[in-house]
Structure formats: structure tokens, C-alpha cells
Amino acid sequence: MMFEPFWKKMSDKYNVTIGGGDLMSYFSDGNNVCWFLEPELGAAIRRLHGVVGNAVTDDRYIVVGTGSSQLFQALLYAFTTPGGPEPVSVVSSAPYYSAYAEVVGFLRSELYKWEGDAYKFNKKGAYIEVVNSPNNPDGTLREAVVMNRTGNGNGKLIYDFAYYWPQFTAITGAADYDNMLFTISKCTGHAGSRIGWALVKDKDIAKKMTEYITISSIGVSKESQFRAAKIIEVVCNGTQNVGSVKSENFFEYGRKILSERWQKLRETIQNSEYLILSKYPQEHCLFSGKLVETLSAYAWLESKDNTKDCNEFLRGLKIIGKSGKICGAHQKFARVNLMCREEEFNQFIERLSATRGKGFINGH
């Protein structure tokens, strides 16, 4: 919702109209591996990555999904079908995105099972490692762990690049991995459209992913794809300063807001007796040509007292966070979303400011 004002300014110029007789068929392109991918969206995705420079799209199949969450499940299916004597272990380095564990365990599948922190995984045999970079919840840049730590070369890798966009982090190069996930919800803020995409190198994996989505939802909403293609066009035109209607550079807009929010948050936390805020190194960004700092979508807060539950402390301040415990970390950590509306962020800062000079609420 942080991006809502930008898109409200654009709405009169880039409204989408869909007629009652439009987009009625299941099929979009029967010659494509992902037969329900609208050609306009596929072209828009390739253009977007070319403009930003954050991922290689040459020699890649695009598989569209109902958000990257569905694509994550589709990759799990593709990697583990038809199955073996034991479920394949799925890991991610802690602190990890809590939904990974929820998704993997939801169906109690015989194909795969959640094994938690990649740093603690030491089993032989097949495994799947999810690399989320920049990472949710702590904003750090990540690489694969298991292979480098144990030498186990039997793993499959999923690179979740939901936040690898210029408003959040330096674009240090075009990611060039076999299986990469992206989502429009973090790229442009349009979470309600439920559009994600995977860039997949192996045709058979792309086919299996398409099979999973076909079985689970018989494709992906064409209305959402049509809207997403138009939104991406706005972003690209604004970035390249092309098109009949000139628009603001969306990524610069997003980075400006996040920079202001992080500055306010650091000023609020710097003299706190109770909380510590993550710090990030600066890196050269190929997109902007500048030395930039990571501006995470989330504040990864830490209690100075290791015996205290940071999330419970925030609850005492009427601040909704996510406990570090469900992210595979210690209870002294908590995640708070910074991508809210301006009035909500200001209220968050106000509630944090009101605690200076006070002890932990209700003993927490």
C-alpha cells in the first residue's frame, strides 16, 4: 500500500478496459509451454528485466502463476515428481520467510517435507534449497548454503527474487540461475492482482510447473495478466522516459519513500535502550549508477535483552509484527512491515517514540 499514491496519480492515464466478450478462452498461446501465459505479459516481463537489468531472460521459459506462492509450489512438484522412497528435504537459511514452512507442510505431501534451517541441514541425498535475496525478513543478500557448507551436490535450488528490485536494493548484476521467482506484488505493489512469474531454464521443469498449475487452477486469470502487462508498461515507460504520456520513474519514487522511512526509523531507534535495528552495507547499483544502501521492505528489530520476546514487546505498544521464532530465529527478533500507508507508518513511529525512557511493557 506504500505505492498506492503513485498509482492513483497514474489511474486516469492507464486505466484498463476489458469488454464482456474479451479473454474468455482458457487458452492464450497453445504453442507456448505455459499455454495460459498471455503473450503481452510475457513480452512485458522480458522488457522489464531488460530495463532493470536484474535477471537474464534469454533462453528461459516464462511460467506465470497466481503469485509467486503458487509458482513455489509448482517448482516443488516439478522437482519431486514422480517421487521416491523418501520425501525430499526442503530448507532455507534462517531467518527465512515463514510461509515456506507453511506451504511445504500444508498438504503433508509424500513428495517433500520441511527440514528448516539450511545451516543446520546435514543429511545426504536429495534436497531443495530456497534462496531468498534480498531476504524476507531481514533484508540481507543471500547465496546458496548447503552445497558450499557440506559439499552435497544433490540439491535443487529455487531463487526467490521477490525483492530484487531497485527500490529495495542495489542491482549488482543480472541474476542467471536455472529457477528464479518474481512477483508483481513487490515489484509494483499490486498484490491483489496475484501475478507472479518464474524464469526457468529447463523445458521439462517448465512443463511440470505448467502441469501443476493446470491441475490446481486451470491456468491464471487473464484479467490479472492483462492488467499486470499494462502496469509493467507504465513502469518501463517511466524508467526509459518513453511513451505518449510521460510518467514518473516508479523505482525512484519507491526508493525515495523507503529512504525517508528508514531515516525516520533509525532516528527513532538510535537512542533506544531496548531495541536494535539492522544495518546494511552500501553497494554499487548498476540500475542507478550510484552507491546505494539496501532499503528493506521490513524492519528486522532485535531486543537488546536476549531474554525478552521482541514481538511481545511490540504487541505491548500495539504494533503488529511477526515473531522471529516462526522465521527460524530467536524470539529476541521481530519483523515489522514498512510498506504500509503513510498514516500507518507515522503511527508506528509515534508508538515507538513514546517508549523512549520506558521499560518493557508488562514485563516483556
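Domain bounds, as used here, come from an automatic or database domain assignment. In this predicted model, local features need pLDDT of at least 70 and side-chain atom pairs count only at pLDDT 80 or more, whereas totals for chains, interfaces and linings use all residues. Residues are numbered from 1 along each chain as its sequence is written, and side-chain values use heavy atoms, with hydrogens and water left out.

The assignment gives domain 1 (25-239) and domain 2 (250-353), and their centres, taken over C-alpha atoms, are separated by 25 Å. Their contact (heavy atoms within 4.5 Å) takes 28 residues from domain 1 and 26 residues from domain 2. Between the two domains an area of about 2,300 Å² is buried, 65% of it given by carbon and sulfur atoms; buried area is the accessible area (1.4 Å probe) that two parts lose on being put together, summed over both. Of the area that domain 1 buries against domain 2, P137, Q167 and F168 supply 24%, more than any other three residues.

An open sheet of seven strands, with mixed pairing, has the order β1-β7-β6-β5-β4-β2-β3. Strands (E, at least two residues) and helices (H or I, at least four) are DSSP runs numbered from the N terminus, and two strands pair if DSSP finds at least two bridges between them. The edge strands, β1 (61-65) and β3 (112-117), each pair on one side only. Strands β6 (residues 179-183) and β7 (residues 196-200) run antiparallel and are joined by five bridges, with T183 standing opposite G196 in β7.

| Residue | Relative accessible area | Class |
|---|---|---|
| S296 | 4% | buried |
| T140 | 26% | partly exposed |

S296 lies in the loop between β10 (291-293) and β11 (298-303), and its side chain reaches the backbone oxygen of Y298 at 3.0 Å. Not counting residues up to four places away in sequence, S296 touches P137, D138, G139, F168, L258, W262, Y280 and L338.

T140 lies in the loop between β4 and α5 (146-150). A polar contact of 3.0 Å joins the side chains of T140 and R142, a polar contact being a pair of N or O atoms within 3.5 Å in which, within protein, one must be able to donate a hydrogen and the other to accept it, while residues adjacent in sequence count only if both atoms are side-chain atoms. With residues up to four places away in sequence again not counted, T140 touches N132, S133, P134, N135 and Y280.

How values were computed
Buried means under 20% relative accessible area, exposed over 50%, partly exposed in between (1.4 Å probe, protein chains only).
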